[in-house]
Amino acid sequence: MTESAISYYSHLPRFHVGVDCIIFAICDDRLKVLLIRRDFEPEKGKWSLIGGFVNDNESVDQAAGRVLAELTGLDNVFIRQLGAFGEVDRDPGARVVSVAYFALLKLDEADQDMIRSHHAQWVDIDEIPPLGFDHSEMIGKALEVMRRKILSGSLAFNLLPELFTLTQLQNLVEVVTDRKLDKRNFRKRITDNPGIEPTDLIDKETSKRGARLYRYTGINA
């Protein structure tokens, strides 16, 4: 960097950049979110999302992946950037701009001992306590996006086995969106999706009459 550039940047305001991870999972047909009760300032004693600051040697995407891995023990998890939150007074400790991310995990794949070691808990989406910072707003926006795009890309299919029935897929979407779906309309929507491919295999374990198995290909989905 040239001396003139250094001089220019030195006069600009400086503040922190953080990431916050909104981590969803499904347990007993209920949508859960992972929260911690803070044992340090600021907002000590309040529930919050899990986050951290971006290091000098990493991108915001890398920082979010690191935070998620440190909390759950999972790498290469599907995680999507939600957006930036930058109100001047959003963090009482300092000026912090946070980039929020959300992920939808398979609960049984996460390291529950590691989660407990961070004093984190899975909380039902309908029983979220008052949260610190602007984390309630983050969760609300993440839910809105996730519910709108549950069948867009690979989001829903990260929670299904490689081969799945349409009933399994519909049940998953109903849990995430918190609403009942018309079976006929749902199946028409799925069969019109080129990213979901029928196979010649039949599921005889979860369906008494036998149901066709599908796979997600991701092609033009």
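User: Where is Glu162 found?
Analyst: This is a predicted model, in which local features need pLDDT of at least 70, side-chain atom pairs count only at pLDDT 80 or more, and totals for chains, interfaces and linings use all residues. Residues are numbered from 1 along each chain as its sequence is written, and side-chain values use heavy atoms, with hydrogens and water left out. Helices (H or I, at least four residues) and strands (E, at least two) are DSSP runs, numbered from the N terminus. In these terms, Glu162 is found in the loop between α4 (135-148) and β8 (163-164).

User: Is Glu162 buried or exposed?
Analyst: The classes rest on relative accessible area: buried is under 20%, exposed is over 50%, and partly exposed is in between (1.4 Å probe, protein chains only). Because its relative accessibility is 66%, Glu162 counts as exposed.

User: Which residues does Glu162 touch, not counting residues up to four places away in sequence?
Analyst: A contact means heavy atoms within 4.5 Å. Not counting residues up to four places away in sequence, Glu162 touches Tyr214, Arg215 and Tyr216.

User: How many helices and strands does the chain have, and what percentage of its residues are buried?
Analyst: The secondary structure comes to 6 helices and 10 strands. Of the 221 residues in the chain, the buried share is 42%.

User: Among contacts in the chain between residues at least 6 apart in sequence, what percentage join residues at least 24 apart?
Analyst: The C-alpha atoms fill a box of roughly 70 × 40 × 30 Å along the principal axes. Among contacts between residues at least 6 apart in sequence, the share joining residues at least 24 apart is 64%.

User: How many residues apart are Arg30 and Asp126, and what do they link?
Analyst: The side chains of Arg30 and Asp126 meet in a salt bridge (2.6 Å, N to O). This pair links distant parts of the chain, namely strand β2 at Arg30 and the loop between β7 (120-124) and α4 at Asp126, with a separation of 96 residues.

User: Is Lys180 buried or exposed, and is Glu174 buried or exposed?
Analyst: The side chains of Lys180 and Glu174 meet in a salt bridge (3.5 Å, N to O). With a relative accessible area of 70%, Lys180 is exposed. With a relative accessible area of 11%, Glu174 is buried.

User: Why does Lys32 count as buried, and what is its relative accessible area?
Analyst: The place of Lys32 is in strand β2 (residues 30-37). Lys32 is buried because its relative accessible area is 18%.

User: Which side chain of opposite charge is nearest to Arg38, and how far away is it?
Analyst: The place of Arg38 is in the loop between β2 and β3. For charge, Lys and Arg count as positive and Asp and Glu as negative, while His and the chain ends are not counted. Arg38 is buried yet has no salt bridge, and the nearest side chain of opposite charge is that of Asp91, at 6.4 Å.

User: What is the omega of the cis peptide bond that joins Glu41 and Pro42?
Analyst: The place of Pro42 is in the loop between β2 and β3 (47-48). The bond joining Glu41 and Pro42 is cis, with omega about -5°.

User: What is the phi of Asp29?
Analyst: Asp29 lies in the loop between β1 and β2, and with a relative accessible area of 61% Asp29 is exposed. Its phi is positive, in a residue other than glycine, and is near 60°.

Key. A salt bridge is a side-chain nitrogen of Lys or Arg within 4 Å of a carboxyl oxygen of Asp or Glu.
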